[in-house]
Amino acid sequence: MEDKASSPEDDALRDKIRTLLANGLETEVWPRAETSEMVNQIVNRLQTEAGDDLKKTLKIGGFTDHTITADDMEQPCETCMYYLVHRKFCELPELDVPVEPEWSCRLWRI
Ligand code: SF4
């Protein structure tokens, strides 16, 4: 995907997600997706349970508005292979949401 600048629509949705997380939306932060089986399981749940439902996507993805460290490894969006730097966006198709560099989810991948 082209890494263009963040659009006003992206910015508005990022603000909405920030508010949901700041207001204590409980998400499945643990366990992290450490094996390909777990990745498949979480992606499958995102496809079948979440769909276009933003809150369910954030819950199943285990989103946080801060960086999580797992196995002595920091897992911020900004070092994840799915992160678009200029757009500040997650391009994993099942997530497909604007994020901040210091946020994190359990599908983080290097
Ligand atoms: S997969 Fe998760 S950690 Fe990686 S960019 Fe997307 S939301 Fe951030």
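Ile60 has its place in helix 3, where helices (H or I, at least four residues) and strands (E, at least two) are DSSP runs numbered from the N terminus. The structure is a predicted model, in which local features need pLDDT of at least 70, side-chain atom pairs count only at pLDDT 80 or more, and totals for chains, interfaces and linings use all residues. Residues are numbered from 1 along each chain as its sequence is written.

A residue is called buried if 20 or more other C-beta atoms, placed from the backbone, lie within 10 Å of its own, exposed if 12 or fewer do, and partly exposed in between. Ile60 counts as buried because it has 25 C-beta neighbours inside 10 Å. Its contacts (C-beta atoms, placed from the backbone, within 7 Å) include, beyond the neighbours within four places in sequence, Glu28, Ile42, Arg45, Leu46, Glu49 and Ala50. Arg45 lies 15 residues from Ile60 along the chain, with 7.3 Å between the two C-alpha atoms.

Helix 3 spans residues 54-61, and its buried residues are Thr57, Leu58, Lys59, Ile60 and Gly61. These buried residues pack against helix 1 (8-22), helix 2 (36-50) and strand 5. After helix 3 comes Gly62, with a positive phi near 70°.

In the protein as a whole there are three helices and five strands, and from the N terminus on the elements run α-α-α-β-β-β-β-β. The radius of gyration, taken over C-alpha atoms, is compared with a globule rule of 2.2 Å times the number of residues to the power 0.38. The protein has 13 Å, which agrees with the value near 13 Å for a compact globule of 110 residues. The C-alpha trace spans about 35 × 25 × 25 Å along its principal axes. Buried residues make up 27% of the 110 residues. Of the contacts with a separation of 6 or more, 71% are between residues 24 or more positions apart.

Turning to the strands, three of them form an open antiparallel sheet in the order 3-4-5; two strands pair if DSSP finds at least two bridges between them. Strand 3 (83-84) and strand 5 (97-98) are at the edges with a single partner strand each, so one side of each has no neighbour in the sheet. Strand 4 (residues 89-90) is joined to strand 5 by two bridges, and Cys90 has Val97 of strand 5 as its bridge partner.

A few backbone details deserve a look. Most residues other than glycine have a negative phi, and most peptide bonds are trans. Trp30 and Pro31 are joined by a cis peptide bond, with omega about -5°, and Pro31 is in the loop between helix 1 and helix 2. Asp72 has a positive phi near 60°, and Lys88 has a positive phi near 50°. Asp72 is exposed, with 5 other C-beta atoms within 10 Å, whereas Lys88 is buried, with 20.

Definitions and conventions
Two residues are in contact if their C-beta atoms, placed from the backbone, lie within 7 Å.
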